Structure formats: C-alpha cells, structure tokens
Amino acid sequence: MNEFFLGAGIGLFVLVFFVLYRVVFGPGVFNRIAAISAIGTKTLIILLIMGIVYGRVDMFVDISMAYALLNFIGTLAAAKFLEMEKQS
Amino acid sequence: MITVAIILSAIFMLGGIFFFFTATVGLLRFPDFFTRLHATGKGDTLAVLLCLIGIAIYEGVSLTALKIVFIAVFMAMAQPTATHAISKAAMRTGVQPWRKGGNRE
C-alpha cells in the first residue's frame, strides 16, 4: 500500500509540472493566479501523501491545514488587489 | 493484508487523481480564462474532496482523520469562494469572454 501512495504522489508531482506551463506562459495575470491556486491544491494532497510514506501523518496534516488556509487567503487577496488597482 | 478499507481508500484516491488529470487537461487546452477557471474550479474541488476522503479512510478512526475531514469541509467552502472572487475581479477588470471563432489565447 505504501508503494501505491508513492506512485500517486509521483503522478501528482508530474501534473504540477504541466500546470507550471500555464504559470510561465499564461497570457495575463489572471491565468497565472488560477494556475497557482491549482498548484496549491495539488500540493495539499502531496503533503498528506508524504506524511503517509514517512509514517508521520499526525505532523503533516497540520502543515497541510495551514497550506490550505494560506492558499485560500492568497488567492482572495490577489483577486481583491487586482480589482481595486483597476478601479482607482 | 488487503482489507475492505484499503480497497475503498485506493478507489477514492484513483478517482481523485483522475479528476486532477482532467482539470489539468482543461487548464492547458481551453481557449480563454473563464473556460479554464470552469475546468479547475469544479474539477479540483471534486478531486481534492475524493483524495482527502480516501486518505481519511486509510487512517481509520482517529484525531488525524478528524482533522482531514475538517480540511475537506474547509476546501468544499473555500475553493468555490476563491473561484468566484477571481472571476468577478477578471470580469470587472475587462477580460473579454471567448466567442466561437475567436482567437485562442
């Protein structure tokens, strides 16, 4: 079962690199923010899978929770900032 | 030892990784910003919920599983909110939606 979770983590890690294309070449700033939010969501699952592989889920679940909160706040703050910058 | 909980957890994890894959394909292939947000906003939410439920089943009944369920509830509320906020900001800033026959960005 450990090998299954390791394979799942590697698959998600490869998907992160495909999303990274949209971060680097995406036209406009909104495409980049949406892609960074998608990468943050994948990182949340990768952190939990790392916890299972290392046998320390009780520690990694707290890091994962903090990452979910920071990803949400960061996306919201970037959206509000871009909206206010255009209106002023 | 293969038990029912492990098989159920593996099924949930494989479903989650499938929906992550489809969301990534949509993010790379769709023609403009709003259609890409449609792919990632819904696909990533479902995928993260399936993956978290799979990991919680693998952990069994414990405080860690309770925290994982809390993350799942939080993501189910936060991900649509973030998608709505960023799409409202793009609409007010003047990003034009894609029409049929238009240029792909």
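Analyst: A residue is called buried if 20 or more other C-beta atoms lie within 10 Å of its own, exposed if 12 or fewer do, and partly exposed in between, with C-beta atoms placed from the backbone. By that rule B:Gly94 is exposed, because 7 other C-beta atoms lie within 10 Å. B:Gly94 belongs to the segment after helix 3 of chain B, where helices (H or I, at least four residues) and strands (E, at least two) are DSSP runs numbered from the N terminus. The C-alpha atom of B:Gly94 is 44 Å from that of B:Ala65, a residue 29 positions away along the chain.

The model is predicted: local features need pLDDT of at least 70, side-chain atom pairs count only at pLDDT 80 or more, and totals for chains, interfaces and linings use all residues. Residues are numbered from 1 along each chain as its sequence is written, while chains are lettered from A and ligands numbered from 1 in the order in which they are written. For chain B the average pLDDT, the predictor's confidence in each residue from 0 to 100, is 90, and 98% of the residues score at least 70. The complex receives an ipTM of 0.89 and a pTM of 0.90 from the predictor.

Between the chains, helix 3 of chain A (residues 57–87) packs against helix 3 of chain B (residues 63–93) at an angle of about 15°, with the axes 9 Å apart. Axes are lines fitted to C-alpha atoms, for helices over the stretch in contact, and angles run from 0 to 180 degrees between N-to-C directions. These two helices are therefore roughly parallel, the term for angles under 35 degrees, whereas those over 145 count as roughly antiparallel, 65 to 115 as roughly perpendicular and the rest as oblique. Their contact contains 17 nonpolar, four polar and five charged residues.

Within chain B, the axes of helix 1 and helix 2 come within 8 Å and cross at roughly 165°, so this pair is roughly antiparallel.

Definitions and conventions:
Nonpolar A, V, L, I, M, F, W, Y, C, P; charged D, E, K, R; others polar.
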